[in-house]
Amino acid sequence: MLCPYPSATAQADGKQGLMMFESVNAYAGDPILSLMDTYMQDTRDDKVNLTIGFYYDENGIVPDMAAVKQAKARLFAEPPASPTYLPMDGLPEYRTRVQTLAFGDALADVQARTATVQSLGGSGALKVGADFIKRYFPQSQVWVSNPTWENHHAIFKGAGFAVNTYRYYSAETKELDFAGMLEDLNQLPARSVVLLHPCCHNPTGIDLTAQQWQQVIGVIAERELLPFFDMAYQGFGQGLQTDTLAIALMAKTGLPFLLSHSFSKIFSLYSERVGALSVVCENPAIAHNVQGQLKFTVRSNYSTPPAHGARLVNLVLSDAGLTQQWQQELTDMRNRMQAMRSGLVKQLSEHRPDRDFGYLQRQQGMFSYSGLTPQQVARLKDEFGVYMISSGRVCIAGLNNTNLERTAIAIAAVL
């Protein structure tokens, strides 16, 4: 039988046959993960890792939270009766408890009209949400803050959207450019998708006030925009309830919106890929239809989600004792990061009294935008062994009482 395709190997006459993938470019690598590889190969004993978004404890270790550890022990002692697939939209009781955590006091305003699916972390929630929106709003475009987490661009572009930016951070003032943000949002056409960080903005650590959120939500309502909230750090800002302020305000409007939720950081479950996507609709009937279409979207992506991580989160949130313990651990994590942030500002002010570092103190969450240039960041790595990504974003959780002063001295030296 003759093969209809030319051979992909060299032919006898020396001519090269058809090569299917010759136009595939080499992958440049993820800039943060590649930098981590460089850090691991660095042999200096006093190197400092402020790159990737992991929460580290005072000893520089990613902790296994005690509440989660107890949940693991219980699941190990009493494993599920059946190892079958979860439903396409995930563990039902997990989805219910995720809604309670995400919406808090506003749950009564949205629960009946909300469709929620378990997802592969926050990234999976964004991907499912992006694919779903693209199917029903094919002409819409997406707007993300400038700057934002780089994967926001990749995920929405991968779903077929044109991705644009709205003003957010002022390099000149090192503060929120709220006037620019409002001006940009006020010019968007109806049904534009606006990606928003409800708390602990990544990468800047700069969040909106309650009054500013009310103004933004007013623009969303007036312009008929579709907000997509990405919440990966609930509890790392000011507390579990306070960090959902923007979501609660949006819930009160009765308007539709999307919310992606990640538990990698706040449960220290990075490898389990535990997250959720909620779509708040106009009424329960629409929510029922949306739930079905989200299941279809999951089916066409990864079919069904994994069970173990969702069971751990569900167990912690369903047991009053474990919930209280987890909340206290989360508070301790938040307080430690706040202490490191304050310590960095104090140290920098002592070494460079000619500079005002108050902007760092006003940021919150896991990250801070240092204001350093790529050239200064390169000097920090090469000369001092202090690693951060080229934008100058600092993972505050990478600081501890051992490396804090050394880091401040290094930063002061490159300014």
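Before you start: residues are numbered from 1 along each chain as its sequence is written, and side-chain values use heavy atoms, with hydrogens and water left out. In this predicted model, local features need pLDDT of at least 70 and side-chain atom pairs count only at pLDDT 80 or more, while totals for chains, interfaces and linings use all residues.

**Stop 1: the largest pocket**

Select Ile32, Trp149, Asn151, Asn202 and Arg393. Of the 41 residues that line the largest pocket, these lie nearest its centre. Its volume is about 1000 Å³. A pocket here is an open set of points on a 1 Å grid over the protein atoms alone, with protein on both sides within 12 Å along at least five of seven lines; lining residues have an atom within 4 Å of a point. A volume is the space filled by probe spheres set on the points, which are joined across faces, edges and corners.

Now colour α1 (31-41), α5 (121-136), β3 (142-146), α6 (150-158) and β11 (367-369). Each gives two or more residues to the lining of the largest pocket. Helices (H or I, at least four residues) and strands (E, at least two) are DSSP runs, numbered from the N terminus.

Colour the lining by class next: 19 residues are nonpolar, 16 polar and six charged. Nonpolar covers Ala, Val, Leu, Ile, Met, Phe, Trp, Tyr, Cys and Pro; charged covers Asp, Glu, Lys and Arg; the others, Gly among them, are polar.

**Stop 2: the second largest pocket**

The second largest pocket has a volume of about 470 Å³. Select Phe137, Arg191, Leu226, Pro256 and Glu282, the closest to its centre among 21 lining residues. By class, the lining of the second largest pocket has 17 nonpolar, one polar and three charged residues. Show α10 (284-301) too, one of the elements that supply at least two lining residues. With three residues, α10 has the largest share of this lining.

**Stop 3: His197**

Go to the loop between β7 (193-196) and α8, where His197 lies. Its relative accessibility is 8%, so His197 counts as buried (under 20% relative accessible area; exposed is over 50%, partly exposed in between; 1.4 Å probe, protein chains only). Show contacts (heavy atoms within 4.5 Å). Beyond its neighbours within four places in sequence, His197 touches Ser145, Thr148, Trp149, His152, Asn202, Trp213 and Asp230. Between the side chains of His197 and Thr148, draw a polar contact of 2.9 Å. Such a contact is a pair of N or O atoms within 3.5 Å; within protein, one must be able to donate a hydrogen and the other to accept it, and residues adjacent in sequence count only if both atoms are side-chain atoms.

**Stop 4: the cavity**

Select Leu344, Leu348, Phe357, Tyr359, Leu360, Ser368, Ser370, Leu372, Val394, Ile411 and Leu415, which line the largest cavity. A cavity is a set of points where a 1.4 Å probe fits but cannot get out. This one has a volume of about 60 Å³. Its lining has nine nonpolar, two polar and no charged residues.

**Stop 5**

**Last stop: Ser82**

Ser82 sits in the loop between α2 (66-77) and α3 (92-103).
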